[in-house]
Amino acid sequence: MPFTRADDHHLDSCWMTWNNPDTKLKVTTYPMLHIADQRYYDRLSADLDRCRYALLEGVSWQLGDAKRPLYDLVARNLGLVAQERALRIPASVVRINIDMMRSEFRMRFFSLPLRYIAMVVLLRRLLWLLTLPPGFRREAVQLGILRTSRKTSNDEETPLSQLSVGSRDRRTVENLAKFYREHGQTDVPSYVGIVFGAGHMPAISFALRQLGFQVGTRRWVEVLRIPVSGNVGA
């Protein structure tokens, strides 16, 4: 089941609404990237306005992430925006973080081999430096975002990927099942939005099916686009 699609010039995200015959609760999954066009986040914010709950991801490896999002510098270089700064959850929506708890993530993260810790600590500045030259920005989007999104096979697992994807997926699935036990049964139409990284959507979709949900509608929404000619952010 594809959650994103891309060519060398644009990337789309598939918003899926899930239905369950045992409840009037409807769930929409929003596969996310770390950076996108501002218009994508505006459209998502408007779509969430109908929701009663927003189930969100979010772990932090150091203090101050709210002030220094990991991808804010590279997003600025590419003429895009970082999700942490651009996405606005409507005030009427109840936010619930179903990700791994911060304390568990920090404990596991700082027990990784030092090279992985250093890589993440330096990643924000490294990405900024790589996209600083205007002539390289187009290639950065094509190679780092668009073509990566089209990969069909997973890279070799590392301790970092096992933590950032596998371990977090397990906690997310557990918390999603807990949410459904507590809020899933309703006789009144109610909407839930799951706003999570596209890489976690296979596990989330499997969990929804285990809970009795099936995909209803699908909407392909453009996340970002780069010009056919010219430089990104030039």
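Predicted model: local features only at pLDDT ≥ 70, side-chain atom pairs only at ≥ 80, totals over all residues.
Me: What should I keep in mind about the model?
Reply: Local features need pLDDT of at least 70 and side-chain atom pairs 80 or more, while totals for chains, interfaces and linings use all residues. Residues are numbered from 1 along each chain as its sequence is written, and side-chain values use heavy atoms, leaving out hydrogens and water.

Me: Why is Phe109 called buried?
Reply: Buried means under 20% relative accessible area, exposed over 50%, and partly exposed in between (1.4 Å probe, protein chains only). Phe109 has 1%, so Phe109 counts as buried.

Me: What makes Phe110 partly exposed?
Reply: Its relative accessible area is 43%, so Phe110 falls in the middle class.

Me: How do you know that the charged end of Arg43 sits over the ring of Trp15?
Reply: The rule asks for NZ of Lys or CZ of Arg within 6 Å of the ring centre and within 35 degrees of the ring normal. Arg43 is listed as sitting over Trp15, at 5.8 Å from the ring centre, and Arg125 lies over the face of Trp128 at 5.7 Å. Trp15 also belongs to a cluster of ring pairs with Tyr30, Tyr40 and Tyr41.

Conventions: Phe/Tyr/Trp six-rings, centres within 6.5 Å; stacked < 30°, edge-to-face > 60°.
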